[in-house]
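Please examine the sequence and the structure shown below. The paragraphs that follow lead through the structure step by step, starting with charged side chains.

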Amino acid sequence: MDQGKGLVLVVEDERPIADLLRMYLAREGFGVHVEHDGTAGLAAARKLRPVACVLDIALPGLDGTEICRRLRESGDWTPVLFLTARDDEVDRILGLELGGDDYVTKPFSPRELVSRVKAVLRRTQGPPDAEQVRIVGPVTLDPARRECRVHGVPVSLTSTEFALLAHLMNRPGRVFTREELLGSVWGYAAHSGTRTVDVHVAQVRGKLGDAAGVLRTVRGVGYTADA
């Protein structure tokens, strides 16, 4: 099997869905490993070190959010995309707060999911010109090393959180609408819903601690990074 783009771990207990995801991801050049319960999924994530994980939230054994929580607690920041059958904000926000990078609600298009996986990996790699260290107030971002520091102290960010902060810090003082951020950072259209942007901004602020003020909300417009 061609694994030129890396191995994606799919943890999904509905076998027809898992088989469909395996087929579509393999078509795009990914290696795919599938598990059908949460305990096996967590073990596979730790052993195989995939480039990304696609986790159903409702799983036998450990659920998807618990897998993500345990990975993050152990310092594993592999990009995670959640699948959920429940179309409500609680699951979505919970997943993102635990360190998820994106989510897709069932039923979904397999092509859309593959597109989301690719977008998450692009955020992990960063743009080709992202070598310049960026400083706004006490926050320093080093895209080449994928490092964020506040007052010199390292801060752990998911690939999406890092990409969002980098995009805002790249043009300090410039106000970006939620729609612009969704398109530039997540790579898909605003009809997908801009709530994701608000959740991620809140998460980044929480991690920046007393430097959270560098991310400023401009009421009725969007967000900016400004000292």
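A search of the whole structure finds 17 salt bridges, a salt bridge being a side-chain nitrogen of Lys or Arg within 4 Å of a carboxyl oxygen of Asp or Glu. The model is predicted, so local features need pLDDT of at least 70 and side-chain atom pairs count only at pLDDT 80 or more, while totals for chains, interfaces and linings use all residues. Residues are numbered from 1 along each chain as its sequence is written, and side-chain values use heavy atoms, with hydrogens and water left out.

Side chains of opposite charge can pair when their charged atoms come close. Helices (H or I, at least four residues) and strands (E, at least two) are DSSP runs, numbered from the N terminus. Lys118 is partly exposed at 26% relative accessible area, and Glu28 is partly exposed at 30%. In these terms, buried means under 20% relative accessible area, exposed means over 50%, and partly exposed lies in between (1.4 Å probe, protein chains only).

A second salt bridge joins Glu73 and Arg69, at 2.5 Å from N to O. These two residues are four residues apart in helix 3 (residues 64-73), which means that about one helical turn separates them. Glu73 is exposed, with a relative accessible area of 60%, while Arg69 is partly exposed at 27%. Arg145 and Asp142 also meet in a salt bridge, at 3.9 Å from N to O. Here Arg145 is exposed at 61%, but Asp142 is buried at 15%. Elsewhere, salt bridges that share partners join Glu12, Glu14, Asp56 and Lys106 into one network.

The side chain of Glu35 does make a polar contact of 2.7 Å with that of His33. A polar contact is a pair of N or O atoms within 3.5 Å; within protein, one must be able to donate a hydrogen and the other to accept it, and residues adjacent in sequence count only if both atoms are side-chain atoms. Not counting residues up to four places away in sequence, Glu35 touches residues including Leu9, Val11 and Ala44, where contact means heavy atoms within 4.5 Å.

The next topic is the nonpolar interior. In soluble globular proteins, nonpolar side chains tend to be buried together. The largest nonpolar core has 28 residues, and among those with the most contacts inside it are Val139, Leu168 and Leu181. Such a core is a set of buried Ala, Val, Leu, Ile, Met, Phe, Trp, Tyr and Cys residues joined through side-chain atoms within 4.5 Å. The elements that give two or more residues to this core include strand 7 (139-142), helix 6 (159-170) and helix 8 (195-208). Helix 6 provides the largest share, seven residues. Leu168 is in contact with Phe176, Leu181, Leu215, Tyr223, Thr224 and Ala225, leaving aside neighbours within four places in sequence. A second, separate core of 19 residues includes Val8, Val10, Ala52 and Val104.

Helix 7 (residues 178-186) has Leu181, Leu182, Val185 and Trp186 as its buried residues. Seen down the helix axis, these residues fall within an arc of 100°, so they line one face of helix 7; the arc is that of the directions from the helix axis to the C-beta atoms. Just after helix 7, Gly187 takes a positive phi of about 85°.

Some backbone details complete the account. Lys106 and Pro107 are joined by a cis peptide bond, with omega about -5°, and Pro107 is found in the loop between strand 5 (102-105) and helix 5. Arg146 has a positive phi of about 55° although it is not a glycine; Arg146 is placed in the loop between strand 7 and strand 8.
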